Amino acid sequence: MYRAGTIGRLADRTAYGYVRSFLESRGLKVRSAEMNRLVRGCTGVRKTTGQHPGGLMIIPEGREVFEFTPIQYPANDAESGVVTTHFDCDTIHDHLVKLDILGHDDPTVLRMLQDLTGIDVRTVPIDDPDTLKLFSGLESLGISKEDASGEVGTLAIPEFGTRFVRQMLVETRPSSVGELVRISGLSHGTNVWTGNAQELIKANTCTLKEVIACRDDIMTYLIRKGLPPGDAFNIMERVRKGKGLSADHEKLMEEHGVPKWYIESCKKISYLFPKAHAAAYVMMALRIAYFKVHHPLAFYSAYFTVRADDFDAGLVVRGPGPCRKEIERIDAKGNEATAKEKSLVTVLEVALEAMARGIRFLPVDLYKSDVSAFRIEDGALRCPLASLQGVGSAAAQAIAAAREQPFTSIEDLQRRAKVSRAVVDAMREHGALASLPETDQIALF
C-alpha cells in the first residue's frame with residue numbers, strides 16, 4: 001500500500017508571471033499574441049509533487065509496485081516519512097485499486113455517546129418519531145426559535161446543522177427518513193437545489209419526492225417512463241458529471257413523456273450525490289439526533305469535546321447575554337469574518353441552545369477540568385482546559401501532566417508545566433488560578 005501521489009502544476013496566472021519576468025529581465029518586448037503563446041506553453045508544467053489527502057493505492061499480492069509506477073517522497077522531502085506513487089492517482093487508478101480513507105467526526109461522536117450512556121448505537125432506532133420531529137420543528141426540544149437560532153432543531157446534527165441546510169428543512173418540512181435522504185442529496189449536489197429544485201418546489205411544479213435529488217433518481221425514473229435501461233444509465237452518467245443532455249437523449253426523453261421541467265432540471269445540474277452516500281449520512285445523523293432528544297447532557301458533552309478548540313469557555317460561562325452579543329458582532333462583519341470567528345458562531349449557537357434546555361457550563365478548573373473533554377459533573381458540563389481561548393491543546397496537556405502533584409503557586413505552575421505567560425494570564429483572567437498565590441515566597445509567609 002502506498003499513498004497516492006499528486007502533481008502540482010503551474011496555473012495560468014503563475015505562468016504569466018514567469019513569462020513576464022523572463023522577458024523584462026532580458027529587455028524583450030513581444031506582442032500579446034506571443035506572450036499568450038509562451039504562457040500556454042508553460043501552463044500545466046509540473047511545479048511540485050505532493051500526496052493525496054486520503055488516497056491509498058493497493059498493490060496486488062505477489063506483484064511489485066514498480067510494475068505499475070515508480071515511488072518517491074512528496075516534494076522530494078526525504079524527512080517527510082511518507083512514500084507516494086510517482087504517477088498521480090488519476091493516471092493509474094484504472095490499473096490499481098484506489099481507496100479514499102477520509103476523516104469523519106460522526107463515528108468518533110457515536111463512540112463517545114455509547115461510552116457516556118451505555119447504549120449500543122447500533123440499536124438506536126432510525127425512525128424514532130421524536131427524533132424525526134427535530135427536522136421539521138422544535139417540539140422535541142421544547143425551546144423557542146430564538147434559542148434554537150431557527151425554526152428547526154437540527155443545530156449540531158451532522159449534515160443538517162448548517163444555516164443553508166436548516167433553511168432547506170424550513171422550506172420542505174420533511175417528515176420521513178426517505179425525505180431526509182433526498183434533502184441530503186440535494187444539499188451535497190452542485191446546482192441541484194439552488195436555482196433548480198428549490199424554484200420548482202416553490203412554484204408548485206413538483207414536490208420534494210419528485211425533484212432530482214440523487215444520481216440514482218434519474219435512472220430509476222427514466223426506466224419507469226419506459227426508456228431502455230442502457231439509455232437511462234447513460235443519461236444519468238452524463239447529468240451527474242455535469243455534461244448535460246445530448247440532443248438524442250433529450251429527444252428520447254420527450255418521446256417517452258418526460259416533462260419539460262425535468263429535462264430542464266437535468267441541464268442545470270453540475271454534480272449529483274450518490275443515494276447510498278446520502279442514506280449513510282442520514283443514518284449517522286439520525287442516530288446522533290436520537291441522543292440530542294433523549295440524552296441531551298451526553299450529546300452536548302460529545303459535541304463540544306470534538307470542537308473544544310473552537311469553544312470559548314470564558315464567554316460561555318458568563319451566560320446567554322454575552323454569547324448573543326458576540327454572535328451579533330461577528331454576524332455584522334459579514335464576509336469579513338474569519339473562519340475561526342464563523343466556527344465560534346456555530347459553537348455559541350449550540351451553547352445557547354444547550355443553556356435553553358437547562359444545561360449549565362462550569363468554568364475551567366485547574367484540577368477538575370479534562371484536557372479536551374467536557375466532563376459531566378453534577379448534571380452540568382465542566383469546560384476543559386483546551387476550551388479556554390489562549391490555552392492551546394499542547395499547553396493543556398502540559399498542565400494536566402504537571403498537576404499530578406498540587407501546584408504551590410502560579411510561579412510553580414509556569415515552571416513545572418513550562419507554559420507561556422500568555423497561557424497563565426488567560427487562566428488567571430478566567431479565575432482558574434484564584435486559589436494560587438503568585439510566588440512560592442508569598443506562599444511561604
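Is Phe311 buried or exposed, judged by its relative accessibility? In this predicted model, Phe311 has 0% relative accessibility and therefore counts as buried. The points below place Phe311 within an aromatic cluster that also includes Tyr303, Phe304 and Phe374, and then turn to the packing of helices α12 and α13.

**Aromatic pairs and cluster**

- The structure contains 14 aromatic pairs, and in one of them the ring centres of Tyr303 and Phe304 lie 5.3 Å apart with planes at 75 degrees, an angle over 60 degrees, so this pair is edge-to-face.
- Both Tyr303 and Phe304 are buried.
- Phe311 and Phe374 also form an edge-to-face pair, with 4.8 Å from centre to centre and 70 degrees between the planes.
- This pair links distant parts of the chain, since Phe311 sits in the loop between α15 (296-306) and α16 (313-316), while Phe374, 63 residues apart from it, sits in the loop between β6 (361-362) and β7 (375-377).
- Phe374 has a relative accessible area of 2% and is therefore buried.
- One aromatic cluster is formed by Phe299, Tyr300, Tyr303, Phe304, Phe311, Phe361 and Phe374.

**Packing of α12 and α13**

- Helix α12 (residues 247-255) packs with helix α13 (residues 260-268) at an angle of about 155 degrees, their axes being 10 Å apart, which means that α12 is roughly antiparallel to α13.
- The crossing of these two helices, α12 and α13, is right-handed.
- On the α12 side the contact is made by Glu250, Met253 and Glu254, and on the α13 side by Lys260, Tyr262, Ile263, Cys266 and Lys267.
- Sorted by class, the contact of α12 with α13 comprises four nonpolar and four charged residues, with no polar ones.

Notes
Residues are numbered from 1 along each chain as its sequence is written. This is a predicted model: local features need pLDDT of at least 70, side-chain atom pairs count only at pLDDT 80 or more; totals for chains, interfaces and linings use all residues. Side-chain values use heavy atoms; hydrogens and water are left out. Rings of Phe, Tyr and Trp (its six-membered ring) pair if their centres lie within 6.5 Å; planes under 30 degrees apart count as stacked, over 60 as edge-to-face and the rest as tilted. Buried means under 20% relative accessible area, exposed over 50%, partly exposed in between (1.4 Å probe, protein chains only). Helices (H or I, at least four residues) and strands (E, at least two) are DSSP runs, numbered from the N terminus. Axes are lines fitted to C-alpha atoms, for helices over the stretch in contact, and angles run from 0 to 180 degrees between N-to-C directions. Angles under 35 degrees count as roughly parallel, over 145 as roughly antiparallel, 65 to 115 as roughly perpendicular and the rest as oblique. A crossing is left-handed if the near helix is turned anticlockwise from the far one by less than a right angle, and right-handed if clockwise. Contact means heavy atoms within 4.5 Å. Ala, Val, Leu, Ile, Met, Phe, Trp, Tyr, Cys and Pro count as nonpolar, Asp, Glu, Lys and Arg as charged, and the others, Gly among them, as polar.
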